[in-house]
Amino acid sequence: MALDVGKALKSKTLVVGVLSMSLLMSASNAVSGTIPAMKEAFSDYSAANVELLTTVPTIGSMVGTALTGLFANAIGRKKIAMAGFLISAVTGVIPAFFPYYWPILISRMFFGFGSALFVTLSVSYITDLYDALYGERRRRLPPNKNRKKRV
């Protein structure tokens with residue numbers, strides 16, 4: 001379902017919001033630099049378990065990616081994207097209030113799940129916006145006659 005061109009052009013907030021989704025894609029890997037400090041803080045756990053804290057969002061992300069289409073068809077893309085933002089925001093700050101291994105591990109997995117909800121949709125939103133904003137212009141441009149054909 002493509003966006004209405006007029007509405008997309010008028011809503012700069014929508015354009016900025018959708019494009020900012022791509023910035024949040026790498027947020028789950030931001031803790032990688034803190035592994036040495038986490039190993040020290042969680043000295044009761046093996047190094048592999050501490051390093052699991054950086055990779056566990058991928059598990060949530062795989063589940064979220066698989067389910068996003070089903071949720072979006074049932075509820076709507078905008079609501080799912082907002083739910084993903086909310087889940088990521090809540091579970092992203094849980095480690096600040098519960099600095100223990102298991103709450104951090106579980107919150108990181110749900111952080112990956114929430115991120116997958118809006119990251120998966122960001123691709124289609126960006127495609128819809130690009131088509132809405134530039135599709136008509138692209139269709140009106142004459143082909144480049146000087147461009148070499150690929151063999």
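**View 1. The buried side of helix 5.** The buried residues of helix 5 are I80, A81, G84, S88 and T91. Buried here means under 20% relative accessible area, exposed means over 50%, and partly exposed is the range in between, with a 1.4 Å probe and protein chains only. These five residues cover an arc of only 110° around the axis, which puts them on the same side of helix 5. The arc is that of the directions from the helix axis to the C-beta atoms. An α-helix has 3.6 residues a turn, so residues three or four places apart point the same way. On the face turned away from the buried side, helix 5 carries the exposed residues K78, K79, M82, L86, A96 and F97. Helix 5 spans residues 77-97, 21 residues in total, and reaches 31 Å from its first C-alpha to its last, close to the 30 Å expected at 1.5 Å a residue. The expected span is 1.5 Å times one less than the number of residues in the helix. R77 is also found in helix 5, and R77 is partly exposed, with a relative accessible area of 23%. From C-alpha to C-alpha, R77 and S124 are 9.6 Å apart in space, although 47 residues separate them in sequence.

**Basis of the views.** This is a predicted model, in which local features need pLDDT of at least 70 and side-chain atom pairs count only at pLDDT 80 or more, while totals for chains, interfaces and linings use all residues. Residues are numbered from 1 along each chain as its sequence is written, and side-chain values use heavy atoms, with hydrogens and water left out.

**View 2. The chain as a whole.** The chain contains 6 helices and 0 strands, and along the sequence these follow the pattern α-α-α-α-α-α. Helices (H or I, at least four residues) and strands (E, at least two) are DSSP runs, numbered from the N terminus. Of the 151 residues in the chain, 28% are buried. The chain exposes about 10400 Å², and carbon and sulfur atoms supply 66% of this area. Accessible areas come from the Shrake-Rupley method with a 1.4 Å probe; for residues, only the protein chains shown count as cover. Among contacts with a separation of 6 or more, 75% are between residues 24 or more positions apart. Contact means heavy atoms within 4.5 Å.

View 3. A pair of aromatic rings is described by the distance of the centres and the angle of the planes. Rings of Phe, Tyr and Trp (its six-membered ring) pair if their centres lie within 6.5 Å; planes under 30 degrees apart count as stacked, over 60 as edge-to-face and the rest as tilted. By this rule the structure has 5 aromatic pairs. In one of them, the ring centres of F42 and Y101 are 5.8 Å apart and the planes stand at 80°, so the pair is edge-to-face. F42 lies in the loop between helix 3 (35-41) and helix 4 (47-75), and Y101 lies in helix 6 (residues 101-140), so the pair ties together parts that are 59 residues apart in sequence. F42 counts as buried at 10% relative accessibility, and Y101 counts as buried at 3%. The rings of Y101 and W102 also form an edge-to-face pair, with centres 5.3 Å apart and planes at 85°. Ring pairs link F42, Y45, Y101 and W102 into a cluster.

**View 4. T68 and its contacts.** T68 lies in helix 4 and is buried, with a relative accessible area of 1%. Apart from neighbours within four places in sequence, T68 is in contact with I80, A116, L117, T120 and L121. One of these residues, I80, is among the buried residues of helix 5.

**View 5. L105 and its contacts.** L105 has its place in helix 6 and counts as buried at 9% relative accessibility. When neighbours within four places in sequence are set aside, L105 is in contact with L52, L53 and V56. The C-alpha atoms of L105 and P57 are separated by 8.7 Å, and the two residues are 48 residues apart along the chain.

**View 6. The salt bridge between E51 and K39.** The structure holds 1 salt bridge, defined as a side-chain nitrogen of Lys or Arg within 4 Å of a carboxyl oxygen of Asp or Glu. E51 forms this salt bridge with K39, and the closest N and O atoms are 3.0 Å apart. The pair links distant parts of the chain, with E51 in helix 4 and K39 in helix 3, 12 residues apart. E51 counts as partly exposed at 34% relative accessibility, and K39 counts as partly exposed at 33%.
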